[in-house]
Amino acid sequence: MDESISNGNNGDLNSFEIVDKADVEENPVIPDKPEEEVEDEWVDILGSGHIKKKITKHGEPDTRPQRGDLCVISGFGKLEDDTLVETFDNLEICVGDLELVHGMDYVLPLMEMGEECQIEITARFGYGDKGEPSKSIPPGAKLYYSLTLHSVLPDFDLAELPVEKRLDFGVKRKHRGNWFYSRGDNSFAVQCYRRSLDFLDSSNMDTNNASQELLDSLIKERINCYNNLAQAQIKLGSLEPALMSLENVLNLDQNNIKALQRKAK
């Protein structure tokens, strides 16, 4: 099934505010560690009440992840009425890649390996004014998470990951970009597509033992991701970057219809 997004207008960018405009140009800002944390008390991470964290089990000192580190986490999220809406078990994510609600990228750098905590995240850093119907999350909902950080792999090298793993990570980030695009949040969509392409780039990948089917899948996903990236860039009015993305598509598939049509516009 073609995972590429359509040309249609899938929502008003301003109708789903996650962060202020200055914060979404490229990457979410990861806050510094608060100067003082009161153990077993709620910590207001941003000082605005939007993201709060309370440690229920302390982890190993000096093991906090940094942006780009690969983490393994487990947890669940509930609504205010205790309705379970999200669960994840031994989930591998990279800090800053927007793989969960945006607020999580502020929380994870303040956790230590083995730590368990409770988290409160308002809609602004959760699912916004649109909610998430597929998870029965209503518009404007505040979310309550229990989270465990099992492990942290700092400064991991993409080139050392198996081709299958890189394909999996790349596709997941492409899907995440599609999700943001469908909500009209094109800045975050662009970020996810670019991160997806980091994983799908074969120039720094050992493909000697990869099957032809796997290599064909990599090319297909790169084509789809570049096409989607171009469309999100067009929505943002970033026409020169969009043209470069379309050229990348045509370098891989010179007869790609979507790229040719979008380039002609």
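## Basis

In this predicted model, local features need pLDDT of at least 70, side-chain atom pairs count only at pLDDT 80 or more, and totals for chains, interfaces and linings use all residues. Residues are numbered from 1 along each chain as its sequence is written, and side-chain values use heavy atoms, with hydrogens and water left out.

Six strands form an open sheet in the order 1-2-5-6-3-4, with antiparallel pairing. Strand 1 (43-44) and strand 4 stand at the edges; each has a single partner strand, so one side of each lacks a neighbour in the sheet. Strands here are DSSP runs of E with at least two residues, and helices are runs of H or I with at least four, numbered from the N terminus. Two strands pair if DSSP finds at least two bridges between them. Strands of a sheet pair through backbone hydrogen bonds, either parallel or antiparallel.

Strand 6 (residues 143-153) runs antiparallel to strand 3 (residues 70-78), and nine bridges join them. Within this pair, S74 stands opposite T148. I73 has L149 as its bridge partner. Strand 6 is also joined to strand 5 (residues 116-121), by six antiparallel bridges. There E116 stands opposite T148, and Q118 stands opposite S146.

I51 has I121 of strand 5 as its bridge partner.

V152 belongs to strand 6. Its relative accessibility is 18%, so V152 counts as buried. The cut-offs are under 20% relative accessible area for buried, over 50% for exposed, and partly exposed in between (1.4 Å probe, protein chains only). The C-alpha atom of V152 is 6.6 Å from that of M113, although the two residues are 39 apart along the chain.

## The helices

Helix 2 (163-182) has 20 residues, and 14 of them are buried, so the rest of the structure largely encloses this helix. Its end C-alpha atoms are 29 Å apart, which agrees with the 28 Å that helix 2 should span at 1.5 Å a residue. The expected span is 1.5 Å times one less than the number of residues. G184 follows helix 2 and has a positive phi, near 85 degrees.

Helix 3 (residues 186-200) contains L197. L197 has a relative accessible area of 9% and is buried.

Helix 4 (residues 212-235) has 24 residues. From first C-alpha to last, helix 4 reaches 35 Å, close to the expected 34 Å. Just after helix 4 comes G237, with a positive phi of about 80 degrees.

## The largest pocket

The largest pocket has a volume of about 400 Å³. A pocket is found on a 1 Å grid over the protein atoms alone: it is an open set of points where a 1.4 Å probe fits, with protein on both sides within 12 Å along at least five of seven lines. Its volume is the space filled by probe spheres set on the points, which are joined across faces, edges and corners.

The lining holds 17 residues, and L91, E99, L100, K135 and R176 lie nearest the centre. Lining residues have an atom within 4 Å of a point. Six are nonpolar, three polar and eight charged. Charged means Asp, Glu, Lys and Arg; nonpolar means Ala, Val, Leu, Ile, Met, Phe, Trp, Tyr, Cys and Pro; the others, Gly among them, are polar.

Strand 4 (84-94) and helix 2 each supply at least two lining residues. Strand 4 gives the most, with six. Domain 1 (43-153) and domain 2 (158-264) both contribute to the lining, so the pocket lies between them. The domain bounds come from an automatic or database domain assignment.

D82 is not a glycine, yet has a positive phi of about 80 degrees. D82 sits in the loop between strand 3 and strand 4.

N90 lies in strand 4. Its phi is also positive, near 50 degrees, in a residue other than glycine. At 47% relative accessibility, N90 counts as partly exposed.
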